[in-house]
Structure formats: structure tokens, C-alpha cells
Amino acid sequence: ALVYEVVWLKMLRLVFGVTALAAATTLASFMAGLGLGSYYFGRLADSVRRPLRLYGFLEMGIALFALLMPLIFSALDNAYVFIYREWTTSYFWLSLFRLVLSFSVLLIPTFLMGGTLPVITRFLVRRSAELGKRVSQLYFINTLGAVAGTMAAGFFLIYLLGIKEAAYAAAALNALVAL
């Protein structure tokens, strides 16, 4: 997931420019999406008979969004240019428009990302006595993956492959996990 955060931040800089607003929008939408997705899917996971299947669907949804995100950001850029030319040149209104659209677009895949940990926890935890141990193990692995993904995106993938291609590589991994 944090490969996407790094890559989408770079893509948003093409929409916002290199500003604190781009970074804040990316971070806020990730945190909001992860929290909302965790809350929603955490509650849903207890009523699902096959949580591993739901996990696969979440991972595939993330992969599909990652593949579509360059097109979505391009559409955001076109919408921004249209708003600038036809409606307003006010920095405040343009920034608010970019913030709302970008936040909304990023909220959907991050919502799916937020659901993965509670759903896989539901699959792996069979007894309440295992809960603390299993969740801490999953959180540990998840955090290591986040560190590895951030480092890979920031230091290698974008440099070696390019921005869009780094997202496509992460999407391929999500699709592989989903399968």
C-alpha cells in the first residue's frame, strides 16, 4: 500500500505542483481511507463465511484502482484546467477543488486497503485466545511490508521503472496476492 502512497504522491504533484497541499491530501486520504476501511470491513468480517475470499476481492480491487489511477489523475488534471479556464482563477477555490477531487479519488482504494488487515485477521484467528498474538504478528509483518514498499518505491522502483510503471508493478503484486 505504501508503494501506492509514494507513487500517487508523485502523480498528485503533477496536478497540484510540488506543494504541501499534495502531500497533505495524499496523507489525509490514506489515513481516512485506511481508518474507514478498517472500521467497515472489521465489522463485516465477522459476518462473512469466507473471509479469505473477501480478502482476495479487496486485493483485486486495489490492483484495479492502481491500474486506473494514472488515467484518473489525468482526468483530474483536465478537470482542473477546465475549472481554471472557465470558472475561476482564485487560488483558494482551485486548491479546494483539487483537494476535494483528489481526496475523493484516493479515498476509494485506501478504503479497500484499510479492510485487508481486519479481514485477514478474521481468517487467521480461530480462537479469542490467539487474537493478541496473531494481530501483533500481522501488524509486525504489515509494518515491515510498509517499510519495504516505501523504500522500494522511493529508492528503486520509480528510478528503475518510472512512476506509472512502479504503480503497475505494485498492482501486479496485489493481483498475485488476490489470486
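Leaving aside neighbours within four places in sequence, which residues is Val-119 in contact with? Here contact means heavy atoms within 4.5 Å. By this criterion, Val-119 is in contact with Phe-41, Ala-45, Pro-51, Leu-54, Tyr-55 and Leu-58. The structure is a predicted model, in which local features need pLDDT of at least 70 and side-chain atom pairs count only at pLDDT 80 or more, while totals for chains, interfaces and linings use all residues. Residues are numbered from 1 along each chain as its sequence is written, and side-chain values use heavy atoms, with hydrogens and water left out.

The chain has six helices and zero strands, where helices (H or I, at least four residues) and strands (E, at least two) are DSSP runs numbered from the N terminus. The radius of gyration is 18 Å, close to the 16 Å that the globule rule gives for 179 residues, so the chain is as compact as a globular protein of that length. This radius is taken over C-alpha atoms, and the rule is 2.2 Å times the number of residues to the power 0.38. Along its principal axes, the C-alpha trace spans about 60 × 35 × 25 Å.

Buried residues make up 37% of the 179 residues; buried means under 20% relative accessible area, exposed over 50%, and partly exposed in between (1.4 Å probe, protein chains only). The largest nonpolar core has 32 residues, of which Tyr-4, Val-7, Trp-8, Phe-73 and Val-119 touch the most other members. Helices H1 (2–16), H2 (20–45), H3 (51–86), H4 (91–124), H5 (131–161) and H6 (163–178) each supply at least two residues of this core, and H3 gives the most, with nine. Such a core is a set of buried Ala, Val, Leu, Ile, Met, Phe, Trp, Tyr and Cys residues joined through side-chain atoms within 4.5 Å.

Thr-26 lies in helix H2 and counts as buried, at 2% relative accessibility. Apart from neighbours within four places in sequence, Thr-26 is in contact with Glu-5, Leu-9, Leu-12 and Leu-106. Leu-160, in helix H5, is exposed, with a relative accessible area of 63%.

A search of the whole structure finds one salt bridge, defined as a side-chain nitrogen of Lys or Arg within 4 Å of a carboxyl oxygen of Asp or Glu. Asp-46 pairs in this way with Arg-122, the closest N and O atoms being 3.5 Å apart. Asp-46 lies in the loop between H2 and H3 and Arg-122 in helix H4, so the pair ties together parts that are 76 residues apart in sequence. Asp-46 is exposed at 57% relative accessibility, whereas Arg-122 is partly exposed at 31%.
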